[in-house]
Structure formats: structure tokens, C-alpha cells
Amino acid sequence: MTRIFIFLAVCFSFISVFFVRAQDLQRLEISYPPPMYIGTPKDMEVERLERTWELNRPVFYVPEGTYNVARDKWIESTGEEPVIGNLELINDGDKEGVEGSYVELGSGHQYITIDLESSFNIYAIAVWHYHSKARVYYDIIVQISDDPDFIVDVQTLFNNDYDNSSGYGAGEDPNYIETNEGRIIDGRGFQARFVRLHSNGNTDNDLNHYTEVEIYGKPAD
Amino acid sequence: MNIRKTNSLVLLLSLFFVLTNFHALCQVRPTKDIITGMEKLLTIISGYEYDKSRVWLQDFQNIMQEIYKDPEALKGTEKLMLQFIQSDATPAGKQFICKHLGTIATKKSVPVLKVMLMDENTAEMALFVIEKIPDPAAGKAMRNSLPHADEKTQVAIINSLGIRRDVKSVNLLAKIICETNPLISESALSALGAIGTDEAADILKSASNILTGDKKWLAMDAWLKCADRFVVDSNPAKALIIYKEVFNARPPAFLRKAAVKGMYTATDEDPVDFIIKHLKSDEPDILPAIISLIYKVPENLNAGRILNEITGLSETDQLRLFIAIASRGDRSVHQALIEAINNEDPEFRKAGLKALARIGNSSDILFLAEKASTLRGTERDIARESLYTISGQEVDQAILSAIEHSDTKIKTELIRSIGDRNIISATSLLLKYSEDPEQGVRVESIESLGKIAFPDDLPEMIRVLVNAQTERERKIAETAVHLVTLKMPDGAYKSKDILAILPTVNDPAILNSFISILGEIGDDRDLSVLRDYLDYEVPDVQLAAIRALSVWPNAAPKEDLKTIAETTEDPRKHSLALRGYITVVEADNNLSEDQKFNEIRHAFDIAANTDEQKIVLSGLGKTISVEALKFAIKLLDKKELVPEAEAAIMLIASDLSWANPRETREELKKVLQLTKNEELKRDIEELLDILSKR
């Protein structure tokens, strides 16, 4: 009898936790810009290229009250002034793949750092590099930290720099083709004030581009 | 006497020229050496895959430059490349070579290429080359191959005949336009249009009368292409007949639009009369195409009279008309344009905002600033662009006058426009607004100052940085000050004004900004100042000094960074200094590869944890030395660094294989014994295979 009682109590606890979780979480809704091209080019010869994102696109559930905390926040980049556009374009809400919507950074390994101005629990990061053409950007690394120098307590959320050319370890994430749906990266709820996104040229040229970055989170307690 | 003097001078100059260029003349390589060089390169390229390094590319391009100048080498290379594309080289290698063979191939290549055309495995490559050979023999080979090729190749050959404008293939193509296979018949129609001779035009005219369904319209489309060709060949009268015939045949709208545009190009009618006449015709589906012709009307003609003569257009066509007229600079449609900008359709709003840049004047400044402050996305960008490009001296004055009485949002946009319009007289005004109570106004003022201020304004700019009220404003001021220093001439002491104020600054945040700017300027005269701040009492300032040294444009701070990394007990300082040390070593062109390796090896020894060791391994991968390769192999023992060590091995080996093929091969064989990574084994075996062919 006691055993049955304990069993029922345990079941009840699990069910309540499940319901609380289900009530707290909501599906992350991201608005996508119109596509700028159709289909996948056949001659895109890139190692470790993922071709099934459309089929396996994950659905993200985030806590209620999660919003884009990156909007209009301060952004810095490596290198000189941007070649085209300005850094404001990265978090101005305009993610269309047209002229005037993206910023072009210099060649080779470059990164941008978004200062969220205070700590947030980060659940998802959506990034659109340049999606007017089917391109693959190389050595994409997404890191978050409370340290502006990214030395202590750094979480690497995405890394496809498989030959460690940027020095943040050999990544195992796949290369992917840019589309209007960008790439959504799981933030796993880690707490951070700074978000850093690296890249190292693309299949068309050595330059780096960002059309938009959205960071979905909630203020840290 | 004068003539004799002149002759002597010419002789002397000639002698001088020959002597000074003797070295260069001596550098011309014998043909045999060029061919041998190309042979070696082709051996390497035979193993090339799309995702592999093309370290040989520069050598290939250099040798091609030599080949273009040497007729004998051209002949030899053509032969070598032909052999190459028939060999068992990789498809990527063959594709690369085909691209270059196409630029040098002559009729001598035609027999081989013709045979390749017959084989569906090699046809695509052969066509890629043969279609570029100007000799008629190439066209003949393509025509002869056509009946024997497979369907896919037939379509490709037909398209190529069109691109070549192969006149002799007209009859052949005429025979296949009625083929049951739609791919082939449609390609033939299109090719005839591209060839565009009288004969081709006659065939297409007949075809468009005989054929039915979609093919009929395809024939007509190709016929229009013939007409376009006649216009290019200065025979507009002949073209006009075709355009009119197509237009009057009442084909679908896309063809009528193309025809009416063609008629506009070919007619000798007054362009404005032409447009009025066609706007009056009852053809609602092609009116947008006719209105778009207004953009092509010569500047000296008065297109505005269209407005007086055209009535009864739909609201959308009317807006299109106003925008087109406005884009020509006709201010009579100003009010209509404002209505278009307030329309519900975003396309009209965008077009209207764009056109306003052309006809706008100082009275439109506030309207555009208001739109820029309320719209989002592309529309806001266009509104801003128009605000920045409306011409006229009075416009600048109007902006400056309007700022004071505008509300914050509009004021912000107007201040922003000062920077983009480069209103250099507004520096004092911007300095005033850099202290405005509204943050948005202050931010835009500081940003615009960075664009318009001159080096003479630096002391004032520095004051703005010191007085910045928020961190964001200080960062913007930091960028602005740096931008102004960039306007100084080379050799100027760009940091002079900053150094003057530095001893008086005690606020660590402001100090950090100035130290950061010193790092960006990177003047060796400032190194001693930055070294002093490495021992400053506030740790954050010490970190700022390390960051500044880490972005230095040369290797001067290498020893500073190395010493900090070696000696400090502070993990943040250690990590920052180590990263800076590696960056500086990588960029130091004065170090040999062996010296670089010694520095990187030392960095590895002082790295405090695995993360830092991974950063060092990234630097190791860019060091082309046998010792570096051996060290990377040794690190395969360290479980936590295996993927990074493997990556470094491949990077070093790929580059090192040129200078030290024998040692690279020996070391790679050792890796094959040590590693369990199948992908790495495959990559190594491929590289060994290439090395064995060298």
C-alpha cells in the first residue's frame, strides 16, 4: 500500500513538473524575410556541408516573456570601419537580403561583439549573414560570455571552424548555405552580457557580412 | 649641330634604357623551361579537388602570363592541356584547365575536342573549350557533332551555336525547330534569335505563323531578339517592321511589352509623342511598360506634357506616371509625388521617396526627416538617402536652420544628415548638440562630428570624449576621434593632442578610451606611454594597455606581450597578452618560419590551459616549417588537443610540401601510423599521392 502511495506521489510530481514546464515555455516565433533565391546550387563543393536543414530545422521552445534583446544594442567589430554599411544595420530589425540591409566587414577572420548592456539568459541566437545568394560563410563561431574579452566563462554555442584556423578549437558543427531563414543557434539558457560572432570569408569572396542578428533572451535574475 | 646633339641624346637614352632593362630582358625564360614548368603544375593540378588548397594558383597565373607572350609556349601548352583533359585527372582539375584552355585553344584542338563531344562523359568539357575557339573549324565541328550527340549535349551544342552566332548553322537549326523533343526545338528557336541574321529572322517569322501554342510565342520571342540585333547593327528600320508585326499579332502581354519597348528604340518618332500615343491606346496590361519608357526619354525633351494629354489612367498607373516624370527632375508633379509617398502601397512609397531626391528642394527637408524618423527598414533608408542627396546649397542651410525648432526625432535625423551631406561648416553646431539633454541627439552629433571634423578640431573632439555622458557615447566619441586622426597626412604625429591631455585624465573609463585610440593609431613613438600604463594602479587600465599593444600594426610590442604572458599571475592579463603575442608573431614579416616556430613553441609552453593551447595551435598551423610539423605530430599524444593538432598537421603539411616534399612525406607517413581519424588518413593519402607525382 505504501509502495503504491509512493509510486503515485512520484508520478504526480513528474506530471506537475511537466505541466509547469509546458505552461512556461512557448514556441519561438521568428519572422523571416522573403527568399532571395530558389534551390541549392549543384556545384557548391564545400566540405562538411549540411544539406538537410530545411528538413531537420529544429523548433525552439523558450520561456514566456523571451524577446529579442539585441535590438539597437551597441556592436563593435574587428578591423577598420565597415567596407559597406554600418554596424547599426546588424540589429535594426531589417533582415531583407537587399542592398542597404547588410554590413560588409573586411577580409579574413573578423568578428562582431554585441554588448547587451546587462546580463541575460540567452535561449536562441538567429543570424543572417548575406542571403541574396547561396553562400557558405566559413569558420562561423558563436560565443557568449559576461567577460568583454571572452577569457573567462566563455560558452561556445556554435563552431564550424573544423581546422581551428581562428584558434577557438576545432569545431564540429556543419557548414551551411545562407538562406532567408538564417541560422538559429541554441543559447541553452546560458547567462551572458556579450555575444561574439566570428566568420572568415565565404565561398564567393574573403569578405564578411551581416544582415541581422537577433538574440532571444530574458533579463537574468 | 643641334641635330647632332639630339641624335647623341637619343642614342644615350636608348643605351641607358637597354642597360637599365637588361636585367628584365634577361629574365625572359626559354620556352622549354616554361613548358616544363607547366608540365609540373599540371601534374599537381591533376589531383586537385574543389575544397582543397590552391597554393599553386599564383604559380599557374604567373606561368600563364609568360605563355601569353610566347607563341611557341602557347602551342606547347595547348597540346599539354588537351592531353590533360583527356587524362584521368580529377573533374575539378579538368574543369579548371578547361577554363584556361578556352583562352588559348586554336583550330589545332578541334579534332580532339570533336571526338570528346561525341562522348557524353567529356562532351560538356569539350564544349566549354570549343565554343570559345573563333576559327570556323570549331563551328563546323560542332555542327557535324550535333546529329551524333546525346540529347543533353545536343541542347548544349545548339545553345553554343547561338552564342557563337554561327551563321552557317541557320539551315541546320531551321530543320530542328519542329522537332518533337521540346528541349531541342526550343533551344533551336532561341539560337536562331541569337544569331539574328536576315535568314534567321525570316525562318522565325514563318515559324511564328506555323507553330501553335507556347512554341508560337517562343518563336516570336526569338524573332524579337533578331530585331534587337538589327538595332545593334544599326538597322532600326528593319527592326521596327518586326516589332510592329509582333505587337499587332496580339501575343501575350510579355511579348507586347518587349515589342513596344523595341518600337520605342527603333522608331524615329518623337519619344514623347510615341509614349503619349501608346498611353492613349486601350492596353491596360502594358501601360506600366509604356510608362517605364519615360525614364529613357532624353533629358532635353519635355516629358511633362504627357501629364496634360493623358487622362483616365487608373490610380496606380497615374502614380507610376507621376513618379516617372518626377525622376526626370520635373517639379510640376511635386504634390502628386507627396501623395504617392503617403500611398498604402510600399512600392509607391519607396519609388516616390526616391524620386523626391531628384525634384526636392529645401522645402522638403522636414518632410523627409519626418519620414526617416517614422519609417522602418528599406523605406527609412530611402528617405534618409533622399535627405542626404537633395542638391543645393540652400538645402544645407535649411537643415541647419531647421534643427533648433524641430522635435527630438526629426532633430536627430537632421543632425545625422549633416555627417552624410558633409556640411563641414556645422562643426560648432554639432559640438553644441553633443551636449544636448537628449541622448539620441548627442549620439548623432558625435557620430556626425567623426565624419565632418578636421584634425584642427581634435582638441574639441577630445573634450567631447571626456564629457561623454554614457558608455555608448564615449565609444562613439572614441571612433569619431580615431576617424579624425585618419584624416591627418602620413608622418603627422596623430596622437599629439591625446598625449597632451592624457596626464590630466584619472577616470579609468576615459583613460581606456584614449589608450584604445593610441593602439589604433599605432605610432611607435607612443609605445613608452603605453608601457607605463601596463603598471597603472587600476587593473582595467592595464588590460586596456595590453589590448592596445595587441592590435599594434607591427611587431614592436612583441617582447612586452611575451614578458607579460610569461610573468603575470593575473589570468586575464596572461590570456590577453598571450593572444596578442601570437597575433604579433604571426604578422611579423621579419621572422623566418623557424624563428616563428620557436616563438609559437614558447607560447605553447607558457599557455596556462587547454583553451590557450588551442589558440597557440591555430598559430602553429600557419607556420611552414618541418619543426612545426614535427611538434604538431607530437601533440597527437595529448588527448584534449587531438582535433586541433590534426588540423595543424594538415595545414602545415599542405604548405610545407612545396618547400620540403621529402620531409613532409616522411612525417605524414608517421601520422598515418599514429592517427585513428579516417578522414585525416584520407586527406594525408591524397596529399602523399600528389607528392608522389611531383
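Predicted model: local features only at pLDDT ≥ 70, side-chain atom pairs only at ≥ 80, totals over all residues.
Colleague: Which residues have the most contacts inside the largest nonpolar core?

Modeller: The largest nonpolar core has 231 residues. Helix H14 (residues 213-232) of chain B gives the most to this core, with eight residues. The residues with the most contacts inside the core are B:Phe60, B:Ile130, B:Ile275 and B:Ile306.

Colleague: How many residues does the second, separate core have?

Modeller: This second core includes A:Tyr137, A:Ile140, A:Val142 and A:Ala192. Core members are buried, that is, under 20% relative accessible area. The second core has 30 residues.

Colleague: What area do chain B and chain A bury between them?

Modeller: The size of an interface is often given as the accessible area lost when the parts come together. Here 35 residues of chain B are in contact with 34 residues of chain A. Carbon and sulfur atoms account for 41% of the buried area, and the total is about 2600 Å².

Colleague: Which element gives the largest share of the side of chain B that touches chain A?

Modeller: Across this interface, the rule finds 16 residue pairs in polar contact. The elements of chain B that give two or more residues to the side touching chain A are helices H24 (377-389), H30 (471-486), H36 (571-587), H38 (610-620) and H40 (642-659). The largest share, eight residues, comes from H30(B).

Colleague: How many charged residues are on the side of chain B that touches chain A?

Modeller: The rule finds nine salt bridges across the interface. In one of them A:Arg48 pairs with B:Glu679, with the closest N and O atoms 3.2 Å apart, inside the 4 Å cut-off. By class, the side of chain B that touches chain A has 11 nonpolar residues, six polar and 18 charged.

Colleague: Is A:Arg188 buried, partly exposed or exposed?

Modeller: A:Arg188 is found in strand S9 (residues 183-200) of chain A, and has a positive phi of about 55° although it is not a glycine. Because its relative accessibility is 48%, A:Arg188 counts as partly exposed.

Colleague: What is the relative accessible area of B:Arg165?

Modeller: B:Arg165 is found in the loop between helix H10 (151-164) and helix H11 (170-176) of chain B. Its phi is near 50°, a positive value in a residue other than glycine. B:Arg165 is partly exposed, with a relative accessible area of 29%.

Technical notes. Residues numbered from 1 in each chain as written. Chains lettered and ligands numbered in written order. Heavy atoms only, no water. Contact = heavy atoms within 4.5 Å. Buried area = accessible area lost by both parts, 1.4 Å probe. Salt bridge = Lys/Arg side-chain N within 4 Å of Asp/Glu carboxyl O. Polar contact = N/O pair within 3.5 Å; in protein donor to acceptor, adjacent residues only side chain to side chain. Helix = DSSP H or I, 4+ residues; strand = E, 2+ residues; numbered from the N terminus. Nonpolar A, V, L, I, M, F, W, Y, C, P; charged D, E, K, R; others polar. Core = buried A, V, L, I, M, F, W, Y, C linked by side-chain atoms within 4.5 Å. Buried < 20%, exposed > 50% of the residue type's maximum accessible area, 1.4 Å probe, protein only.
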